[in-house]
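This report describes the surroundings of two ligands in a protein model. Please look at the sequence and the structure first.

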Amino acid sequence: MKYYDAVIVGTGAAGGIVAGVLAEAGKNVLLLERGPALTFNEVGRDHLRNQRLSIYGHNAGPDLAGNPRVFVDPSGNSRLVSPHDPDYHNNAACVGGGTRVYGAQAWRFCPDDFRMASKYGVPEGSSLADWPITYETLEPFYERAEWELGVAGESNAIRQQVPRRGNYPLPPVPPSPQTIALSNGAHKLGWTTTPVPLLINTEPYQGRSACIGCKYCVGFACPTDAKNGTQNTVIPRALATGHCDLRTGAFAERIDVDERGEVIGVSYFVDSGGGRHRETARAKLVIVSAGAIESARLLLNSRSPRHPNGLGNEHDQVGRNLQGHLYPRAYGLSSTKVFNGIGPGVTIATTQFNHDNPGIIGGGMLADDFIKPPIDFWYDSLPPDLPRWGVANKRFMRDNYTRVMHVRGPVQDIPNPEGRVTVDASVRDKWGIPVARLSGTTHPATVAAAEFMRERGEEWLRASGCEKIWSTQPGLILSGRQHQAGTCRMGTDPTLSVTDEWGRVHNHENLFVVDGSLHVTNGGFNPVLTIMALAFRSADYIARLV
Ligand SMILES: Cc1cc2nc3c(=O)[nH]c(=O)nc-3n(C[C@H](O)[C@H](O)[C@H](O)COP(=O)(O)OP(=O)(O)OC[C@H]3O[C@@H](n4cnc5c(N)ncnc54)[C@H](O)[C@@H]3O)c2cc1C
Ligand code: SF4
């Protein structure tokens with residue numbers, strides 16, 4: 001059996017970066033990924049079945065068969081859910097994880113996002129807390145993520161809300177007619193705006209092409225490889241060193257410990273030529289980067305006589321504080337054509353309301369939306385008084401597909417310890433492993449902030465010249481989904497957190513969690529750049545240990 005410096009479970013936003021940093025530092029790593037390395041054609045271009053609109057099916061894993069979860073609704077009723085069901089809270093399962101098909105919005109969190117409890121106090125029933133690190137600590141790693149993967153944006157516009165030293169390596173995406181209308185509206189309101197930073201090559205960068213503005217983007221792979229995920233940046237770099245063994249179709253079953261309870265490696269199942277078998281890998285240390293739901297599940301399923309409740313779970317913290325984002329949305333009918341059919345579509349945002357809103361804890365960012373295939377428009381954007389079918393519906397679609405403006409954005413989640421991942425031993429996946437059980441909701445303070453942001457969205461569209469305005473906002477639900485985070489939060493108190501500031505699991509010298517699970521709070525922004533920055537920081541630290 002080959003002995004590695006490190007085994008990394010998961011090739012997503014975080015796992016790919018850790019593999020790249022360790023391999024380039026000359027460390028021998030085994031990188032395990034449950035899914036395949038999907039080609040552009042395998043991801044496909046099916047409007048009805050993709051990771052953005054998945055109610056009819058999905059395109060970036062995990063497989064429909066053999067991968068159930070249990071979802072418990074706010075009334076306490078539980079049911080089995082499969083990966084394309086919104087209540088599955090899926091991200092993706094393939095090389096690159098969510099970054100293979102994401103929208104690539106590349107936001108830094110604000111300094112106040114790291115000190116939410118100090119700034120607002122802790123609302124009754126929530127587990128709101130400060131991070132053990134500050135924005136200033138993470139700032140150099142944000143910059144590194146922006147340059148090593150490639151982010152397009154306008155530094156000076158962003159600087160008004162989020163301090164930064166350096167500039168983006170790439171210029172922002174060009175404006176659309178909708179950008180100009182929303183920019184004028186914001187100007188009337190006295191709001192500041194910024195181009196949306198994106199992990200997209202707006203010019204050729206690091207040997208890959210520029211975006212050609214195709215009609216897809218979020219939920220799909222990029223035809224020119226201009227969307228920067230870990231699968232086309234840091235993972236190829238890791239493999240090029242010769243120090244990284246990538247195993248696809250390899251599902252980590254458990255983290256192995258010796259008789260003293262110390263971590264020695266990972267056992268995993270491999271799909272091989274129609275059959276399946278179990279393999280084990282031994283290493284100096286193990287890094288869990290399986291995404292917030294599956295990382296918690298893996299730790300909880302790694303029970304042993306020394307760790308009867310799973311690894312890192314002495315204080316019943318693993319899996320708690322599952323969070324993501326509520327997404328209030330507002331739509332407005334413009335008298336002129338605003339949709340130009342050019343991707344990625346998301347161009348302009350305001351970060352004016354991320355903090356300091358009277359009577360509100362936190363807040364969020366609002367931006368225009370990604371380019372929308374007509375079925376997404378039909379599913380998500382129609383006014384509530386329009387019939388869902390028939391002639392009136394068709395006429396509205398035909399007349400207004402290019403005239404509806406749309407703003408939406410993630411609202412800072414106020415974590416609830418009862419929003420959580422546990423494992424359900426009575427339901428097993430195709431490998432026979434207990435599946436994730438998702439239960440609880442976000443905190444009511446999140447809903448109040450979402451309502452406030454929905455109103456701001458309507459206000460923006462009204463000022464931007466829309467005649468008719470409508471909006472939606474979710475109620476008190478579990479908010480994990482594609483922005484899932486928080487289930488192995490970092491902290492200084494081992495009774496209230498799972499890892500230290502480096503992602504090292506408390507009381508385990510050689511076990512790390514590095515992915516969205518670490519987030520103490522999830523900002524009022526899309527989370528991936530923060531996941532990446534933390535991954536660079538932890539990886540540098542780990543490279544010095546092995
Ligand atoms: C359609 C879509 C659009 C998105 N748009 C944006 C956006 O615009 N901006 C943004 O910030 N975020 C966006 N996201 C979210 C973003 O992709 C995630 O926040 C990010 O990928 C999470 O990183 P991670 O490292 O925590 O986990 P992931 O990227 O989910 O990686 C986890 C990996 O671990 C693998 N894995 C899990 N369990 C096991 C196991 N037991 N054994 C082996 N492998 C395992 C998974 O298959 C997966 O590849 C989007 C996501 C999707 C799906
Ligand atoms: S819009 Fe640009 S970055 Fe997005 S998938 Fe199309 S070509 Fe790629």
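The shell around ligand 2 divides into eight nonpolar, two polar and no charged residues. Here Ala, Val, Leu, Ile, Met, Phe, Trp, Tyr, Cys and Pro count as nonpolar, Asp, Glu, Lys and Arg as charged, and the others, Gly among them, as polar. Among the residues around ligand 2 are Ile200, Cys211, Cys214, Cys217, Cys222 and Gly343; a residue is near a molecule if one of its heavy atoms lies within 4 Å of it.

The model is predicted: local features need pLDDT of at least 70, side-chain atom pairs count only at pLDDT 80 or more, and totals for chains, interfaces and linings use all residues. Residues are numbered from 1 along each chain as its sequence is written, chains are lettered from A and ligands numbered from 1 in the order in which they are written, and side-chain values use heavy atoms, with hydrogens and water left out.

Ligand 1 is surrounded by 39 residues, and Glu33, Gly103, Gln105, Ala252 and Val528 are the closest. By class, this shell has 18 nonpolar, 17 polar and four charged residues. Strand S7 (250-257) is one of the elements that each supply at least two residues of the shell, and S7 gives the most, with three residues. Strands are DSSP runs (E, at least two residues), numbered from the N terminus.

| Residue | Ligand 1 atom | Distance |
|---|---|---|
| Glycine 103 | nitrogen | 3.0 Å |
| Alanine 104 | oxygen | 3.0 Å |
| Proline 527 | oxygen | 3.2 Å |

Of the 1000 Å² of accessible area that ligand 1 has on its own, the protein covers 98%. Accessible areas come from the Shrake-Rupley method with a 1.4 Å probe.

Terms used: A polar contact is a pair of N or O atoms within 3.5 Å; within protein, one must be able to donate a hydrogen and the other to accept it, and residues adjacent in sequence count only if both atoms are side-chain atoms. Helices (H or I, at least four residues) and strands (E, at least two) are DSSP runs, numbered from the N terminus.
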